[in-house]
Amino acid sequence: MPSPSLSPDQLQQRLNAARALHRGEARRAAVAGMRLGIDLGTSDVVSVAMAPDGEPLALRLDWADVVRDGVVWNFFGAVDIVRRQLDALEQALGHRFAAAATSYPPGTDPRISINVLEAAGLEVSGVIDEPSAVVGLLGLSRAAVVDIGGGTTGIAIVENGRVSHSADEATGGHHVSLALAGHSGLPLAEAEILKRERGAEVWPVVRPVFEKMCDIVRRHLTRLPDGDLYLSGGSCSLPGVRELFRREFPAHRVHLPEHPLYLTPLAIAHHALAAQGANHASR
């Protein structure tokens, strides 16, 4: 059965809290029972410490190029980032995490993410594919979740509270940046910054990449011809994404909260809480 669903207001409050923690605008205290989730993304690595009530307590994000299309190509770089984030979380909370949950794109080998955490000295408390993690956080019964990651677009179909289908295909935020770099003649790193900081200006250039993402999603949505469709991932922040998906999928109610960059990391941390609860229940 799904976990209790979050209302749109509750979800937005948690995303706003995550953004404030990322920007250094808030500071939270450690609490008993908090858990850690680590998102090894194509564009960034994010660690989130979460309280048992689901509120984020601390967050560390590093923009990084250590993962490509679900594969950790710079293993030692990824391990180093995770270790530095653990140090930063310990300084912020006065607590050293010994375990964390992580995720992987559907269809890829979860051991890739597991190996990074173990090499950083962590026990892996849970591992889940990214769109399914968002399903668990939101407590969905019948819906589709589209997670636009850095290298891939993942989709999960939920029926009767369970993920009945999940898939992941190449094309994500990294490809958006490649298109922008090719059009503008900028180095890829500068195109990535331009995408994040001047989204409205670059939307006409990168829209065809998002249209390709819609084509990917459409092939899998034959399993859910109508209903709710939730968008996740930092690239969804670009102006135009919501309206494009609404236009392409008129039979679906498209949901896109503010600050979707933090949705998947929060979902992974929530999975760490859920995994802990399941372990206690089985004893």
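These questions and answers go through strands, helices and loops of a predicted model.

Me: In what order do the five strands of the open sheet lie, and which are the edge strands?
Reply: The pairing in this open sheet is mixed, and the order is 3-2-1-6-7. Each edge strand pairs on one side only. The edge strands are strand 3 (56-63) and strand 7 (123-129).

Me: Which residue in strand 6 is the bridge partner of Gly-37?
Reply: Strand 1 (residues 35-40) and strand 6 (residues 99-104) run parallel. Two bridges join them. In strand 6, Gly-37 has as its bridge partner Ala-101.

Me: What angle does the direction of helix 3 make with that of strand 6?
Reply: Helix 3 (residues 111-119) packs on the sheet. Helix 3 touches strand 1, strand 6 and strand 7. With the direction of strand 6, its own direction makes about 155°.

Me: Are helix 5 and helix 6 roughly parallel or roughly perpendicular to each other?
Reply: Helix 5 (residues 173-184) packs against helix 6 (residues 188-197), with the axes 8 Å apart. The angle is about 110°. Angles of 65 to 115 degrees count as roughly perpendicular. The two helices are therefore roughly perpendicular.

Me: How many nonpolar residues are in the contact of helix 5 with helix 6?
Reply: Helix 5 brings residues including Val-176, Leu-178 and Leu-180. Among those they meet in helix 6 are Leu-188, Ala-191 and Leu-194. By class, the contact has three polar residues, two charged ones, and nonpolar ones numbering seven.

Me: How many of the six residues of strand 8 are buried?
Reply: Side chains in a regular strand alternate between the two faces of the sheet. On one side of strand 8, Ala-143, Val-145 and Asp-147 are buried. On the other, Ala-144, Val-146 and Ile-148 are buried too. The count for strand 8 (residues 143-148) is six of six.

Me: Is Asn-160 buried or exposed?
Reply: Asn-160 lies in the loop between strand 9 (152-159) and strand 10 (162-170). Its phi is positive, near 55°, in a residue other than glycine. Relative accessibility is 74%, and the cut-off for exposed is over 50%. Asn-160 therefore counts as exposed.

Definitions and conventions: Residues are numbered from 1 along each chain as its sequence is written. This is a predicted model: local features need pLDDT of at least 70, side-chain atom pairs count only at pLDDT 80 or more; totals for chains, interfaces and linings use all residues. Side-chain values use heavy atoms; hydrogens and water are left out. Two strands pair if DSSP finds at least two bridges between them. Helices (H or I, at least four residues) and strands (E, at least two) are DSSP runs, numbered from the N terminus. Contact means heavy atoms within 4.5 Å. Axes are lines fitted to C-alpha atoms, for helices over the stretch in contact, and angles run from 0 to 180 degrees between N-to-C directions. Angles under 35 degrees count as roughly parallel, over 145 as roughly antiparallel, 65 to 115 as roughly perpendicular and the rest as oblique. Ala, Val, Leu, Ile, Met, Phe, Trp, Tyr, Cys and Pro count as nonpolar, Asp, Glu, Lys and Arg as charged, and the others, Gly among them, as polar. Buried means under 20% relative accessible area, exposed over 50%, partly exposed in between (1.4 Å probe, protein chains only).
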